[in-house]
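Here is a short tour to read alongside the model.

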Amino acid sequence: MNTPDATYRLQLHAQFGFSEVKALVPYLHELGITHIYASPIFKARPGSRHGYDVCDHQILNPELGDQAAYNGMMTSLKEYGMGWVQDIVPNHMAVSGENRMLVDVLENGEASRFFEFFDIDWDHPFESIKGRMIAPFLGAFYGKTLENGEITIGFDENGFHVRYYELRFPLRIDSYDDILTLGLKQLRSKLGRENPDYIKLLGVLYNIKNLAPRSEGLERYDQISFIKRMLHELKKGSKAISAFIDANLKYINGDTGQDGPERFDRLDALLGKQYFRLSFWKVAGEEINYRRFFSINELISLRVEYDEVFQHTHKFILEEVHAGRFSGLRIDHIDGLYDPTAYLKKLREEAPNAYIVVEKILIGQEPLPGFWPIQGTTGYDTLSLCQNLFVDRDNEATFDSIYAEFIEKKRSLASIAQRTKSGILRRHMAGDVDNLTRLVNSVSSRDRHAFDITQSALRQAISELLVQFPVYRTYISNDAARPADLNYIRSAIRLARRRNPDLRFEFDFLERFLLLEFDDRMSEDDKRQWIQFAMRFQQVTGPLMAKGMEDTAFYIYNRLVCLNEVGCEPTQFGIRPENFHEIIEQRRKVWPLSMNATATHDTKRGEDTRMRLCALSELADEWSESLHKFSRANARKRPQHADELMPDKNDEYFLYQTLLGSWPETRDEHYTARIAAYLTKAVREAKLHSGWINPDEEYENAYTTFASKILGEDEKSNFNKVFTPLHHKTAQLGALYSLAQTVLKVSLPGVPDFYQGSELWDLSLVDPDNRQPVDFTLRRKMLSGLKKEFSSKPLDLCESLLSHYEDGRIKLFTIWRTLMCRKAHPELFLEGNYTPLLFEGRHSVHAFGFVRQIETMTAIVLVPRLAAGLLKTEGLSLGDVFKDTDAITENLPHGEYEDVITGESITVEDRLHLDSALQHFPVALFLFVA
């Protein structure tokens with residue numbers, strides 16, 4: 001297995017493709033990166049900035065470059081001994097005219113060779129979508145859109161199609177007859193029966209009426225190709241046929257010179273015959289007959305559990321794995337799959353030597369399924385652990401009081417989550433709940449113990465159970481289940497019963513269903529339906545948790561927003577060092593090759609933005625005092641509408657934390673625009689004053705104007721007089737903790753992952769802010785300069801970096817030095833033991849560390865934490881702060897250890913004096929090789 005020592009995440013798109021990656025390879029190699037970890041590179045929707053809207057898994061995205069550019073990039077990687085970890089999307093594809101498989105299905109229905117590929121319920125009980133896929137992409141109600149002339153039929157070399165702005169769907173082949181027979185007699189009279197073009201048109205009509213059935217696949221597709229090619233040739237080569245087709249399209253599209261809605265009747269009738277039903281996009285929340293990625297209508301899910309689908313969508317991926325070009329795979333949205341366990345086992349069979357990690361969010365002490373044949377997760381668990389190490393647990397109650405007092409109400413995350421998850425179910429996932437209800441009802445109607453359960457009660461019980469679910473999903477199947485999964489289901493049932501005692505009987509029935517407690521007399525057909533419900537239910541809990549918690553509640557509960565992060569729990573306010581060590585040691589034993597991430601393309605704040613706010617947790621008194629001064633200074637900037645001041649106190653509280661976390665060294669109009677875009681997204685995600693469906697532009701404008709006025713004030717304003725000193729403290733402490741977090745990420749068990757550009761200070765916010773172009777020229781230049789200075793005067797360089805930490809070079813330097821050590825001794829960090837360090841002395845509570853050991857090698861890691869009272873006014877030097885504080889090292893090899901970061905040596909005996917260990921740099925990685 002080509003296991004990475006360190007990965008670097010790149011977001012590829014049209015402006016940053018294969019050629020740009022190739023040019024970056026030498027720099028990343030020099031930095032110490034061993035594997036590029038890339039966003040999807042397969043053909044995606046045109047203009048995609050992320051690649052997750054895949055249109056064809058078997059073709060490279062042409063916007064990233066051609067085959068030659070791809071080959072050149074891979075050759076460069078090989079020359080530098082680097083690997084490639086590829087992000088893949090097995091769960092869904094784009095609903096797009098570029099998705100040829102979906103186009104084939106919409107054109108041929110059940111006669112399509114891809115008919116079973118997409119997760120569409122063709123037998124839906126609603127007559128309007130029985131045998132058709134609902135297509136909820138219209139901006140208004142269907143009838144209004146139709147009569148506005150926004151939906152039209154067009155024709156090109158690919159045949160007849162429906163057009164709605166950028167949306168393009170094919171007409172089913174047999175409905176071509178409705179267009180081509182209009183005015184056919186007049187055409188015959190005009191051209192004559194023996195006209196060759198007329199005869200060819202009749203040949204086309206004959207083929208349409210006599211299409212081969214699905215069972216004769218090749219012949220059918222040959223006929224379709226003939227029909228389209230002949231029509232296109234006739235349109236190009238015959239003026240009469242071209243005018244005939246144009247006139248028919250004009251008539252069908254309602255351009256008849258007449259007034260009144262009846263002129264669209266033919267178009268309406270033609271659309272009614274298709275394998276799709278165009279509808280208002282809001283309809284999807286209540287009526288949906290295909291599974292989506294979360295609640296995104298434009299992303300349709302695949303049935304990758306079918307071997308034919310797996311083989312087709314993974315063909316190119318596995319070819320690259322077997323050829324050695326893909327060293328590893330990152331599985332996107334593993335929780336969306338029908339049977340994640342079976343999928344991963346199949347993938348492992350096909351790629352036995354690949355490094356495989358999954359995008360998985362674990363809640364609390366939830367274990368990763370031990371029966372998954374993978375190396376681990378993409379690292380959200382490490383992100384949460386490392387961040388909480390720098391949050392002051394002792395100030396939790398104080399922050400509760402500060403938050404409640406400022407917003408003038410008490411808010412608990414639990415109560416918010418109940419409301420937000422219920423709201424998401426009601427507004428965006430009602431159709432999913434209906435589909436689950438029908439699945440259960442089909443079995444309960446034949447079970448005498450459940451015969452009297454009504455569909456209405458069942459729907460209510462399923463909804464409540466989904467809201468109460470404590471984790472993203474469970475993994476119960478016929479073949480496997482975690483013991484924890486049974487507990488999660490029982491816990492959700494217990495909570496649901498408590499809240500809805502009148503549905504106790506329904507919950508009892510659902511519990512048996514979800515735990516697969518079959519009755520011995522149950523038929524095999526009923527068992528299959530029972531299992532199908534359990535599997536489908538598990539696919540719904542994840543999207544609800546993501547949309548209800550991450551994308552809604554996390555924008556409402558703002559006590560300390562750095563905790564409102566993907567993979568984190570806002571209610572966990574810090575972690576004890578001993579608990580940190582316990583969790584890491586367990587991970588080392590079970591998942592030693594899991595990724596260690598501190599930022600991803602999905603995180604809501606950049607890693608250094610968050611560390612500034614972690615520092616705020618230590619400054620409770622200053623935060624409380626500053627808040628009131630902020631509010632008084634800015635009171636007149638808040639406009640009033642009716643009896644409401646805008647923004648409300650909760651959003652104002654959110655803004656001040658956002659500014660503390662993201663405030664750059666130099667403010668400009670670009671920063672103001674970034675903040676405005678971020679605040680707009682935040683209030684829409686919160687769905688209290690605005691939303692994506694019905695934006696309240698008045699509130700949004702008031703909020704962004706309020707922020708702009710604050711940002712536009714000079715340094716002597718009342719706000720800035722209070723903000724500046726508080727910001728200086730959080731920025732200084734945040735920088736210190738960012739360096740500490742960097743060293744932890746590199747040296748903890750697991751594979752360190754770096755998000756693009758984060759080798760300098762990452763003060764970004766949620767996407768698209770964290771997808772801004774990265775200045776790699778600057779980073780190359782900085783790294784080159786650091787190497788030259790370090791080779792001549794390393795201690796002078798360290799002193800300079802500490803004094804000018806604001807420019808970010810100190811973070812780049814720390815990454816480079818620690819990665820060089822890791823790269824030189826990969827076995828120590830990938831396989832070495834993990835032992836907590838113990839500290840004694842005056843400032844022992846402010847020190848944290850551990851030891852990594854394997855055979856003749858020992859590494860000591862030292863970082864400060866909760867150091868608000870220790871730092872000097874300027875710079876990041878700790879100086880003699882740690883005087884009279886020691887690390888206990890009596891059980892370690894004694895002798896000279898190299899300070900990997902500074903290049904100096906230090907003698908380690910029974911005790912390591914921290915004032916000496918951290919004399920030249922505030923974080924340390926010491927290495928001893930016998």
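**Briefing: buried loops, cores and backbone details**

Setting aside neighbours within four places in sequence, His843 is in contact with Leu870, Val881, Phe882 and Thr885. Please keep in mind that this is a predicted model. His843 sits in the loop between strand 22 (839-841) and strand 23 (847-854), and with a relative accessible area of 12% His843 is buried, because the cut-off for buried is under 20%.

**Other buried positions**

- Ser327 is also a loop residue, placed between helix 11 (307-322) and strand 14 (328-331).
- Ser327 has 7% relative accessibility and counts as buried.
- Beyond the neighbours within four places in sequence, the contacts of Ser327 are Asn2, His35, Gly83, Trp84, Ala354 and Tyr355.
- Gly159 belongs to strand 9 (residues 159-164), and its relative accessibility of 1% counts as buried.
- Once neighbours within four places in sequence are left aside, Gly159 touches Gly154, Tyr176 and Lys228.
- The C-alpha atoms of Gly159 and Arg229 are separated by 8.3 Å, while the two residues are 70 residues apart along the chain.

**Nonpolar cores**

- In soluble globular proteins, nonpolar side chains tend to be buried together.
- The largest nonpolar core here has 244 residues, and Trp623 and Leu862 touch the most other members.
- Helix 27 (residues 718-747) gives the most to this core, contributing 13 residues.
- Which residues surround Leu862, leaving aside its neighbours within four places in sequence? Leu862 is in contact with Leu837, Phe839, Phe848, Ala887, Leu912, Leu914, Ala917, Leu918, Val923, Ala924 and Phe926.
- There is also a second, separate core of 64 residues, with Leu138, Leu201, Phe264 and Ala284 among them.

**A helix pair to look at**

- Helix 6 (residues 184-191) packs with helix 9 (residues 239-252) at an angle of about 160 degrees, and their axes are 11 Å apart.
- Helix 6 is therefore roughly antiparallel to helix 9, since angles over 145 degrees count that way.
- The crossing of helix 6 past helix 9 is right-handed.
- On the helix 6 side, Leu184, Leu187 and Leu191 take part, and they meet Ala240, Ile241 and Phe244 in helix 9.
- Sorted by class, the contact of helix 6 with helix 9 has six nonpolar residues, with no polar and no charged ones.

**Cis peptide bonds**

- The peptide bond from Met646 to Pro647 is cis, with omega near 0 degrees.
- Pro647 is in the loop between strand 19 (644-645) and helix 24 (649-662).
- Another cis peptide bond runs from Asp767 to Pro768, with omega near 10 degrees.
- Pro768 falls in the loop between strand 20 (751-755) and helix 28 (776-792).

- Glu408 is a residue other than glycine with a positive phi, near 65 degrees.
- You will find Glu408 in the loop between helix 14 (396-407) and helix 15 (413-428).
- Is Glu408 buried or exposed? Glu408 is exposed, with a relative accessible area of 63%.
- Leu866 is not a glycine either, and its phi is positive at about 50 degrees.
- Leu866 lies in the loop between strand 24 (857-864) and strand 25 (885-888), and at 15% relative accessibility Leu866 counts as buried.

Note on methods. Residues numbered from 1 in each chain as written. Predicted model: local features only at pLDDT ≥ 70, side-chain atom pairs only at ≥ 80, totals over all residues. Heavy atoms only, no water. Axes fitted to C-alpha atoms, helices over the stretch in contact; angles between N-to-C directions. Helix = DSSP H or I, 4+ residues; strand = E, 2+ residues; numbered from the N terminus. Parallel < 35°, antiparallel > 145°, perpendicular 65-115°, else oblique. Left-handed = near helix turned anticlockwise from the far one by under 90°. Contact = heavy atoms within 4.5 Å. Nonpolar A, V, L, I, M, F, W, Y, C, P; charged D, E, K, R; others polar. Core = buried A, V, L, I, M, F, W, Y, C linked by side-chain atoms within 4.5 Å. Buried < 20%, exposed > 50% of the residue type's maximum accessible area, 1.4 Å probe, protein only.
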